[in-house]
Each structure stands twice: as C-alpha cells, then as structure tokens.
Amino acid sequence: MFYIKRRYFRYALYALEIFILYIIEGTPYLIPEIALAKPLLLVSAAVSAAAFELPYFSLFFGVFCGLVIDVGTGGVMGLTSILLGGICYCVSAWNNKYIKNNIYLVLIYSAAAAIAVISLKFFIFYFIKPYPNPLNAYITHYLPRMVYTWAVTPIIYVLTMCVSKTYRTDKRKAKVKKRKRVPHSQRSAVSRRRAKRA
Amino acid sequence: MKETGNVKKVLTTTLIVLLVVSAVSAALNKNFFTDVYTFIASPFQQTSASILSEYGQDAEKTKEELLKENSELKKEVNELINQVIDYDDIKKENEILRKYYGIKDDNPDYKIEVAEVIRRDPNDDYYGFTINKGSRNDVKINDPVITENGLVGWISDVQLTTSRVTTLLSPEAKVGAMDKKSSDSGIATGNSSFSDEGLLTLTIISADNKIQENDIVLTTGVGGVYPPNIVIGKVLRLDNDPYDTTPFAVLKPYEDLKSVSDVVVITSFEGQGVVSAIAN
C-alpha cells in the first residue's frame, strides 16, 4: 500500500513537470529562438519519462503530453496524443525488455519522437489544409525545431530522472535479504577451496 | 498471457477514447479538456509572461546594444530619481489606456477589450499567440485584433479565459485590403516566403494597378470580418509571381507581429458580419 502511495506521488510530480514545461515553452522571450525555432519541451519530457517508467504509465504520460501539446497548438485534439502515446509505449516496452536505459538511447528516442510529432503538424498543415511552399517551411521552421527539441533533451532527461527517482521504492532491494556471513571454520571444504583461489 | 490481454485492452480503450475525442473536437471545434487545461494554466502563463515581457526582449540584443542601452537608461534614471517611485508604472499604464481609448474615441462604434499576450506557441510557424481574454470577456471567433499601429490578426480559437490569435503572417489570413492612395484593392495574406521577415503580401491586384512603394494599405471592410480603414501596413515593393507572373505587393505591417505584447480585440463594430461592397 505504501508502495502505491509513493508511486502516485511520483506521478503527481510528473504532472507538475509537464505543467511547468508547458508554461516555460510558451512564455515569450524565456527560451531564446535559434534559427526562428523554439523547442517542444514536452516531447523530450514524454520520451525521457517513458525511458524510466513501465509501459502502461508511459502510454498515459505520452497521451497526456500529446493532449497538452494539442492544447497549446490549438489543432485537432488527440492526434498528437495517439502518436506520442504510441511512441512512449514502444520506448518503455523496448527499454524494459531488451536494453538498459541510458542517455544515448534517450537521445535516439527523442530524435525519433521529435521528427514524428513535428512532422505530423507539417503533414496536417501542408498536405491536408494545404499551406503553400511546404519545402521552404520544412527547412526554415520544422527542421530547426526538431534539432532544437532534440538538443534540449539532455536537460529534460536529467530533470525527469530526478523526478523518476523521487518516491521510488526499490522492490528488489526490499526483498533481497542480506546473506549471513559464515565464519571460515564452519565453511565446507569446497567453499574453503574457492575462497583460497579467490 | 494475462498481461498481454490487459495491454491490448488498455491500448484499444485508449485508442477509442482518443479517436472519439479527436472526432468530437474536429466536429464541434471545441473540447472540454482544452477549456479545463487553459483555465488552470492561464493565470500562471499570464504571470510568467508579464514578468518576462520587459526583461525578456533584452535577451536577443547584442552586448554593444545592451551597453549602449544601459548607459542611456542610467541617464534616464538620474533624471527620474527625484520623482515618485512608481511614476513609471503609472505613466506606462496611462499611455496604454490613452492609446487604446484613442482608438475608441476615433471609432465610437467599436467595443474593445484590451488584452495581453500570455503565450507564444513554439509549434506555430506564423507567430500566433494566446491572449488573456476569452469568452468570459465577450471575445468571439473571428473578432479582429489590432494595436494602435494597425491590424494584427483575428481570433481563431476561444476558451473561457484565453483566446488564440492567428496573425496576418499566416497563409490562412485573407483580408480585403486597398491602397489608400490609388484605391487599388486586393487580398492581404501571409506567405511562408515572407513571414519570417514579418512581411505579408497583397495579392489579387490588377495588372494595371497604380500601387507605389510606401503607399499605405487599409482594410476595406468587405466581408464584415474586419472594420474598414484599419491600417494593415505600407507597401515595401512590388513583385511578380515567379510561376504565373501575376503581380503582388509585399507589405510591411507597422506593428511587429512577431513580438507584439499588448493588443486590443474589437468585440463588436458597426457592420460586423455584414457582407458589403467596398466601404470608403
């Protein structure tokens, strides 16, 4: 029960992190523009959290971040959520099953997520609406935005790592009992030989 | 096995819920989540935006500019040091009120709402922004947004306490416009080739137009979306489309649409929603 409570505290911290990043990324003049672009901090946050958490939670975290991005952009609600939720679920499942988490992997995930989420908007605006000069827009606006989003990932990763480590009970540590140290005289002949070799 | 089944259930449910939300938001152009979220977030955004509105602009200046500005400011501080502590604030507030009530004086039929920019979305290519006035303040979709220097854009989305403004730099902008001097009319619209420089274009103008550089371009009021005779900008140059050689004019708005921080929403004006011929 205590474990569940601690976990919910951590989730609340994630929600707070999203909220703060949402405010920061939209506040005029707070983040400097580079090549006319500003980063999408929530994409990096979603991917970073997915790297630390279980697939279920990552899915909902991605969906929530996507909804908040849609709120900020003012487009059709839900499309970014579906995409980001899917990406986060895959990242988390992959990380939990096959690979140990590290910053380099998160940078790769973040690049993929930034390309997918930002290109989705490009696709909607320049192929469905459609706005003129798609190539020019992609080069001048979308590519710099992707690169900037990717570039801020390490900062967001560290922040998210701090959040993910807060209120986390390591079950394995709690379960594994400390082995009793056996005096040398009571050890078996085999273990004595092993100790000698060592 | 059980876990895989649960995952499938959760994924399916989530997908269905999101598709329903998308469909409803697309159909009604409105959704509850946005209302709730913006209602919670807007006070925080307003606070952070107001803190940085004065100081943040300095972040983009060079060191020399900042040093020069600093020395000028020091002189100014010396001049003002004997005056009342909050004199500047009061003066600034008075100036804002005066300039916007000047608009009201010139156009008694306008109902205006003074608003502050609280958010600039990093995912917006055409410098759209969010203001701190919403449906609670009678702001509606398509209401024109102006400053004392001219037209800025229109309200493209309204929440309870906030609204989104799409600027004239967007290709979605279609404003009936005319040259004040020559009376040539056309459509003022954004173009991605010019929007980065803060410029827009006057298109669908006749081949034998008499438009000249530095001419002032105003709204016509046709369509009933924008009031007539609001300044859009001045003609920077005339050009021809590289593909079909049709002429167009490049306009420079008097207001810097990329960094505007205070605006006025015209919530009501004479002739709003009335489609009419060109009004002079």
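**Exercise 1. State what share of chain A is buried, and describe its secondary structure.**

Solution. Buried residues account for 43% of the 198 residues in chain A; a residue is buried if 20 or more other C-beta atoms, placed from the backbone, lie within 10 Å of its own. The model is predicted: local features need pLDDT of at least 70 and side-chain atom pairs count only at pLDDT 80 or more, while totals for chains, interfaces and linings use all residues. Residues are numbered from 1 along each chain as its sequence is written, and chains are lettered from A in the order in which they are written. Chain A has nine helices and zero strands, where helices are DSSP runs of H or I with at least four residues and strands are runs of E with at least two. Its pattern along the sequence is α-α-α-α-α-α-α-α-α.

**Exercise 2. Describe how α2(A) and α7(A) cross, and which residues meet.**

Solution. Step one is the geometry: the axes of α2 (residues 41–52) and α7 (residues 153–165) of chain A come within 9 Å and cross at roughly 45°. Step two is the hand: the crossing of α2(A) and α7(A) is right-handed. Step three is the contact, in which A:Leu41, A:Ser44 and A:Phe52 are among the α2(A) residues, and A:Ile156, A:Tyr157 and A:Met161 among those of α7(A). Two residues are in contact if their C-beta atoms lie within 7 Å. The contact residues divide into seven nonpolar, five polar and no charged.

**Exercise 3. Characterise the side of chain B that touches chain A.**

Solution. Here 40 residues of chain B are in contact with 37 residues of chain A. On the chain B side, α1 (2–28), α2 (32–55) and β1 (111–120) each give two or more residues, and α2(B) gives the largest share, eleven residues.

Technical notes
Axes fitted to C-alpha atoms, helices over the stretch in contact; angles between N-to-C directions. Left-handed = near helix turned anticlockwise from the far one by under 90°. Nonpolar A, V, L, I, M, F, W, Y, C, P; charged D, E, K, R; others polar. Buried ≥ 20, exposed ≤ 12 C-beta atoms within 10 Å, placed from the backbone.
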